[in-house]
Amino acid sequence: MSRKWQIGFVFIIMYLSLNHLMYPKLIYGLTEAGHWEVVVCQGLLQITLIGIYIKGLSYFPQQDVIDIYSKMGKLVAFILLIPFALSLTALIGLDIRIHTEAINLFFLKRTPYWSVLVLLFFITTYTAMNGLSTILRSSTFIFFMILPLLLFIICSSFMNFDWHNVRPLWHPSLDFLLNKNFFHLMGYSAFLPLGFMTYKTKLTFGFIFLEWVFVMIIFLSFTYIPLLIFGEESVVTLSFPMMEAMNSVDIKWVMFNQQTIFLGLSLIGFTIIKNSVLLWIIGRIMQKVLKWKRAKASYWITASSVIAFILALIVPSRSWTETFFLWCSGVLVYFMMIIPISILIYGYVLNRGRVHYEES
Amino acid sequence: MGDLVSDIQNLFSVQGDFFIGKEVKDKTAIYIMGFSTLIDLPKSNLYVRQIAAASSSVKELFTNLSDKLDTDINQLKKAILDGKLVIISEGGKHNAIVDPVSRNLTRSVTEPQSESPLQGPIDAFVEDIDINIGLIRKRLTSERLCHCSYEVGDLGSRKVSMLYVKGSVPEDLIKKVDQQIKQIDADIETVDDFNRVFGRRRFNLVSHFFQTELPNQATHSLRTNRIVLFLDNYPYALVFPHLLWDMFSPSIDRDFPSLVAYGLRALRVFGVIVNVLLPALYVAIISINPEVLKIDLALFVSESRQGIPFPALLETIIMVGLVDLILEAIVRLPKSVGPTITMVGGIILGQAMVEAKLVSTLLVIVTTAIVISGSVVSGIPNSLYIRLLRYPILIIAAIYGILGVFAGFLFIIVYLASLTSNGIPYTAFRMNRKEDAK
């Protein structure tokens with residue numbers, strides 16, 4: 001399997017992992033009809049940013065985001081990337097906590113949440129410490145293992161659909177575009193890691209677009225499956241709509257009682273891969289920006305994992321987790337805007353300068 | 001030079017099997033020496049006498065006997081240790097190293113012991129390194145097949161051979177392996193010692209080599225861009241690097257129609273997954289997550305465990321451990337005792353334990369599935385490490401239920417994906433010719 005495809009799988013895994021739990025809920029909060037419009041608008045906004053990002057990165061072959069910012073100056077790298085790493089640490093902690101809540105709710109009711117946290121953090125940190133190549137290779141296996149499960153639960157939920165719930169299909173005004181939650185939704189995107197992973201591999205926009213279409217189809221299904229099963233009025237009251245929707249499906253010939261178990265399991269696999277990528281990015285940023293000779297990347301990974309663990313442990317309740325998670329994804333939106341655009345501008349300026357220099 | 005004979009005699013004075021014989025030719029005494037345990041003495045003596053009778057002078061005798069003439073004492077010493085016959089004339093004027101009639105210490109090519117090729121050639125590698133390389137050369141008659149030989153070790157030198165097909169294995173990989181073998185300074189006693197040369201971590205489950213007894217498999221590996229290593233006195237070819245896919249697709253499969261071969265491979269992958277996950281799933285479903293099963297199934301499961309005094313984890317570990325003990329015992333025991341153990345073990349595990357209500361009937365079925373599925377992969381070391389993998393998952397499953405089964409499985413995937421030998425990942429599906437597989 002070539003590295004390009006592996007990165008493609010990680011791209012999909014990261015998107016799906018982020019969007020299982022909170023994404024549908026946010027969409028339902030934004031509009032009462034024509035949910036697909038929100039998904040598509042959100043998609044278009046993100047693909048534009050991805051386009052800018054890929055274009056910007058193409059100016060700097062064999063370099064990752066950290067190298068590019070270091071080129072701009074040590075101070076710029078420090079100011080931009082260290083807060084980014086910190087917000088990623090918070091995201092990891094909250095993300096794992098939120099998944100732990102879901103796990104406890106659906107199939108480990110008697111187990112204390114800290115012990116689940118320990119397990120998830122241990123595997124995530126171990127994966128991150130083994131480096132990017134290991135993450136990429138294992139993600140391919142996990143992708144092909146989980147995708148059939150995911151497709152199975154999506155297909156199996158068809159039997160509970162009430163197609164009347166799809167209406168009204170059209171929402172005439174686009175006022176949700178001005179809602180700040182619409183931009184919060186973007187916090188649930190995972191294209192930034194591309195810039196850290198592609199220093200050895202050149203990715204084309206066409207390839208990412210292909211992955212993106214796949215992600216969009218899954219997004220639409222995540223939005224519409226709970227909606228079609230429960231209807232607009234009841235779906236807004238659910239805390240984890242997708243999980244609840246899966247829970248409602250009952251197939252006679254399957255030996256398992258709940259379909260949720262499949263969704264829950266696929267969540268874990270994807271979450272571990274996603275968070276280990278983020279941890280790896282943190283380790284890389286810290287090591288390259290701070291340049292402390294004695295501190296290896298694995299030390300940074302362990303340290304930030306411990307911080308994230310403590311954060312996940314001290315959040316008092318689920319409502320707080322969700323609030324913090326929203327704040328955290330809000331902060332990430334800032335980086336998702338500024339990193340691609342600044343790289344593109346810097347690359348353009350630098351490239352133009354070089355052309356002038358060569359001509360003269 | 002005059003004391004060459006006595007020097008050598010002193011050197012080997014403590015060796016009971018060192019012999020020194022005296023012959024006279026043209027009034028000059030010549031001394032014949034060597035190890036009687038390595039050399040067939042009467043035949044070798046006869047050979048020397050026949051040559052002596054045909055030669056006109058002492059010098060001619062030496063020239064007729066050998067082309068290794070008049071070497072120094074160190075080489076003579078080494079030749080004696082290697083099982084050669086050393087002949088020295090009186091006064092140490094001439095000496096020669098002669099290839100004697102050796103004692104037959106190697107077995108001839110026989111059937112494989114640890115692999116059973118179904119519908120394939122049934123010759124197997126033996127201890128003698130030259131015969132093994134010959135078996136490969138016979139199958140791969142190409143000038144591109146390269147053979148590098150080394151002698152490594154401190155106490156006893158051991159022959160190591162590296163075979164590869166030129167142009168198919170990446171050049172830098174050959175260079176790296178070549179350097180690594182040349183740098184060996186300790187004795188290579190076992191394959192594990194040899195493994196360490198290639199950077200083996202201490203607590204690593206997976207070897208850098210895929211071991212095979214079949215020349216056909218080794219030749220196939222050579223064709224698919226691998227390096228094959230041989231150790232003297234070790235009847236297995238060591239295929240480097242070892243890839244995960246090796247255990248699922250032995251070259252024998254290729255004799256079947258490809259659809260059948262794919263089916264067999266899928267079966268093996270399924271077997272491994274069952275072997276690793278089934279006991280853990282049993283424990284998870286019994287003790288932590290009974291609610292995931294449909295109600296009648298859950299009732300059936302709990303009914304089958306009625307009256308059993310052990311918790312599910314202990315019950316499973318007892319059963320799985322016993323099965324592993326039986327497997328280990330059968331390997332060690334002579335063939336005449338093996339079936340008895342199997343029978344007694346089978347009766348005790350299958351019937352007596354259930355009737356005594358020590359384990360549930362369901363667990364007996366699970367155990368049977370484990371035993372059968374554990375041996376579907378090719379290569380004994382592979383099936384051993386897969387057997388070992390199920391214990392950690394079992395323990396995590398007892399704590400976290402279904403989540404533990406899945407997390408443990410993920411952990412194993414990540415662990416296997418993190419393994420590399422000389423930069424080539426263990427989980428690569430095949431080795432590319434130009435660049436290392438990612």
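**Exercise 1.** Work out which residues of helix 14 of chain B meet helix 15 of chain B, and how the two helices pack.

*Solution.* Begin with the contact, taken as heavy atoms within 4.5 Å: B:Tyr385, B:Leu389, B:Ile393, B:Ile396, B:Ala397 and B:Tyr400 of helix 14 meet B:Ile402, B:Leu403, B:Gly404, B:Val405, B:Gly408, B:Phe409, B:Ile412 and B:Leu416 of helix 15. Sorted by class, these residues are 12 nonpolar, 2 polar and no charged, where Gly counts among the polar ones. Next comes the geometry: helix 14 (residues 380-400) and helix 15 (residues 402-418) pack at about 145°, with axes 7 Å apart, the axes being lines fitted to C-alpha atoms over the stretch in contact and the angles running from 0 to 180 degrees between N-to-C directions.

The model is predicted, with local features needing pLDDT of at least 70 and side-chain atom pairs pLDDT 80 or more, while totals for chains, interfaces and linings use all residues. Residues are numbered from 1 along each chain as its sequence is written, chains are lettered from A in the order written, and side-chain values use heavy atoms, without hydrogens and water.

**Exercise 2.** Describe the interface between chain A and chain B by its residues and its buried area.

*Solution.* First, 35 residues of chain A are in contact with 30 residues of chain B. Second, the buried area (accessible area, 1.4 Å probe, lost on being put together and summed over both parts) is about 2,900 Å², of which carbon and sulfur atoms give 75%. Third, helices 1 (3-19), 6 (113-129), 7 (132-156) and 13 (260-290) of chain A each supply at least two residues of the side that touches chain B. Finally, that side of chain A has 21 nonpolar, 9 polar and 5 charged residues.

Definitions and conventions. Buried area = accessible area lost by both parts, 1.4 Å probe. Helix = DSSP H or I, 4+ residues; strand = E, 2+ residues; numbered from the N terminus.
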